[in-house]
Amino acid sequence: MAAADQTARPMIEIVDLHKSFGSHTVLSGINLKVPQGSTLVILGGSGSGKTVMMKHMIGLLKPDQGQVIIDGDDIVPYGAVQLEQLRKKFGMVFQAAALFDSMTVYQNVAFPVLEHRKELSEAKVRALVKEKLAVVGLSGIEERYPADLSGGMRKRVGLARAIMLEPKIVLYDEPTTGLDPITTDSVDQMILDAKRHLGVTSVVISHDIASAFKVADNVAFLSQGVIVEQGTPAQLRHSTNPALRAYLSTWFDLERRS
Amino acid sequence: MTAPIDTNAPPKPPNAVKQAIEGLGLTLGRLVEDIGGLAVLLIDVLRWTVRPPFRAANLFAQLDFVGVGSALIVALTGIFSGMVFAHQSARAFEMFNSEALVGPTVALTITRELAPVFSALMVTMRAGSAMCTELGTMRVTEQVDALETMAVNPVQYLLVPRVLAGLIMVPVLVMLFDAAGLAGGYFVSVLVKGVSAGTWLSRTQQWLDPEDIAEGLIKGAVFGLYVALVACFKGYHASGGAKGVGLATTQAMVMSALGIFVLDYFVGVILH
Ligand SMILES: Nc1ncnc2c1ncn2[C@@H]1O[C@H](COP(=O)(O)OP(=O)(O)O)[C@@H](O)[C@H]1O
Ligand SMILES: [Mg+2]
């Protein structure tokens with residue numbers, strides 16, 4: 001795979017981002033660039049602030065200090081109306097799917113289209129929902145409610161919903177955690193396809209190092225509120241940072257043994 | 001350096017007075033914070049009410065839930081309040097031989113006070129608690145965030161229909177309560193206590209003005225707006241999982257119920 005072109009225009013750029021909740025400091029000076037059309041994987045321990053960082057990229061959280069530059073524009077000062085416009089470029093997959101539990105699977109997946117592309121006929125919407133569900137390997141569950149689905153299925157429905165409007169940037173918060181290996185593979189493939197065919201810029205939070213290194217152009221390791229290491233998968237494998245080495249060692253041991 | 005912690009030492013006995021004062025301070029602090037938060041949310045809701053798109057389907061669902069869903073319990077509360085109040089008034093006025101005043105007393109009390117206060121309390125209990133829990137669950141399971149990332153404003157999509165439903169439907173329920181309460185009051189006064197039907201009706205008509213009914217409706221609108229706003233505020237800002245949602249709902253119930261009585265006094269004073 002071609003290494004990411006670091007000179008390409010950054011689609012997402014974070015500059016000196018700080019965020020605390022009350023007295024609890026979560027992020028203390030994040031710097032990060034995601035070139036257009038590339039995939040960045042964020043690694044980091046549980047509770048290290050990966051989700052908090054991702055929510056800043058789409059304006060769900062406001063930083064205490066710093067800049068979040070999307071497509072050349074600092075979104076930190078944006079108000080609700082500007083953010084709404086911005087978010088039409090985004091899709092986001094939540095850690096626990098975040099499906100609307102008062103709606104069926106069909107209503108959930110159709111939701112973005114029914115909101116933003118009112119000109120489409122009902123038949124078109126149905127076909128689109130079916131198509132996106134097929135991408136994540138689901139069919140025939142349109143009339144079921146999220147509560148009746150397994151965790152893995154909910155997650156895939158969340159994925160289908162996130163790609164309904166064919167966004168230019170997709171944020172995945174642990175898209176494969178809790179999925180079986182075959183589904184994990186198909187989600188990885190989906191992330192790769194979206195990049196190759198549609199030029200999508202992706203940010204993926206992952207705990208699965210194997211799949212992270214497969215989809216990533218760049219990997220960033222978050223620890224103690226800062227990005228302690230950032231580079232291509234090959235560069236990160238040979239990093240000397242002790243925290244990162246400790247994080248990766250469990251996986252490398254497994255790989256060596258097999 | 002941190003002091004070593006002796007895990008075997010018994011905990012210090014709490015100082016009850018100190019705790020009570022601290023508790024009061026915390027409560028007052030939160031009260032001021034909550035009132036500020038409510039005001040901010042009210043402005044936000046108003047702003048998003050007048051901006052298109054208008055979400056008629058969401059509004060009708062909430063009107064149905066708040067209004068139609070609460071109609072039966074409000075009607076029942078109305079009938080029994082009217083009956084109880086007529087019973088007690090009749091007992092009292094019998095002592096002065098002035099049973100003719102039973103009708104007007106019951107009618108004025110119901111329309112001005114009992115109907116708006118009890119209707120709002122019933123709506124708080126039934127609809128407010130459900131609103132708060134639903135919004136809180138949506139918040140802690142990131143459904144509110146999901147809505148935002150799909151470029152749909154959650155205040156407009158979720159809160160505006162609920163607040164409008166409170167504002168519109170509580171006055172409607174007040175009218176229902178008025179009708180049920182007067183019917184219950186008439187029943188007990190005339191059929192049980194033996195007040196003459198002619199006297200009851202003519203005296204009630206003579207004393208009960210449209211302004212009295214209007215006062216109840218205005219109060220109903222204020223209370224309806226308030227309790228829906230409180231339920232939305234507490235639910236929308238819930239945090240900390242299922243436990244946090246439970247806590248938010250409890251706080252919403254207390255804040256709504258107390259607020260109704262406080263507002264009742266001030267609206268009454270302002271109107272007269
Ligand atoms: N809205 C919030 N309010 C308070 N604390 C929060 C909030 N969101 C996240 N946190 C805290 O920030 C820290 C990082 O959380 P998160 O980004 O979810 O971790 P992860 O890296 O596992 O995704 C955690 O300690 C969490 O408790
Ligand atoms: Mg997370």
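Residues are numbered from 1 along each chain as its sequence is written, while chains are lettered from A and ligands numbered from 1 in the order in which they are written. In this predicted model, local features need pLDDT of at least 70, side-chain atom pairs count only at pLDDT 80 or more, and totals for chains, interfaces and linings use all residues; side-chain values use heavy atoms, with hydrogens and water left out.

**Stop one: ligand 1**

Select ligand 1 and then the residues near it (a heavy atom within 4 Å). Among them are A:Phe21, A:His24 and A:Val26, together with A:Lys50 and A:Thr51. Next, display the backbone of A:Gly47, where a polar atom is 2.7 Å from an oxygen atom of the ligand. This is a polar contact, that is, a pair of N or O atoms within 3.5 Å; within protein, one must be able to donate a hydrogen and the other to accept it, and residues adjacent in sequence count only if both atoms are side-chain atoms. For A:Gly49, the backbone distance to a ligand oxygen is 3.0 Å, and for A:Val52 it is 2.9 Å. Taken alone, ligand 1 exposes 570 Å², of which the protein buries 60% (accessible areas by the Shrake-Rupley method with a 1.4 Å probe; for residues, only the protein chains shown count as cover).

Strand S2 (24-35) and helix H1 (50-57) of chain A each give two or more residues to the shell around ligand 1. The largest share, three residues, comes from H1(A).

**Stop two: where chain B meets chain A**

Select the residues in contact between the chains (heavy atoms within 4.5 Å). How many residues does each chain bring to the contact? Chain B brings 17 residues and chain A brings 24. The buried area is the accessible area (1.4 Å probe) that two parts lose on being put together, summed over both. Between chain B and chain A this area is about 1,800 Å², with carbon and sulfur atoms giving 57%. Highlight B:Glu142, B:Thr149 and B:Met150, which supply 33% of the area that chain B buries against chain A, more than any other three residues.

Four salt bridges join chain B and chain A; each is a side-chain nitrogen of Lys or Arg within 4 Å of a carboxyl oxygen of Asp or Glu. Zoom in on A:Lys55 and B:Asp145, a salt bridge whose closest N and O atoms are 3.0 Å apart. Helix H4 (residues 143-149) of chain B gives the most to the side of chain B that touches chain A, with six residues.

**Stop three: within the chains**

Over all chains there are 23 salt bridges. One of them, between the side chains of B:Arg112 and B:Glu215, has an N to O distance of 4.0 Å. This pair links helix H3 (residues 102-140) to helix H7 (residues 210-236) of chain B, its two residues being 103 apart.

Move to B:Pro52 and B:Pro53, which are joined by a cis peptide bond with omega near 0°. B:Pro53 lies in the loop between helix H1 (16-49) and helix H2 (56-94) of chain B.

Finally, select A:Asp16 in strand S1 (residues 10-21) of chain A. Although A:Asp16 is not a glycine, its phi is positive, at about 45°.

Conventions
Helices (H or I, at least four residues) and strands (E, at least two) are DSSP runs, numbered from the N terminus.
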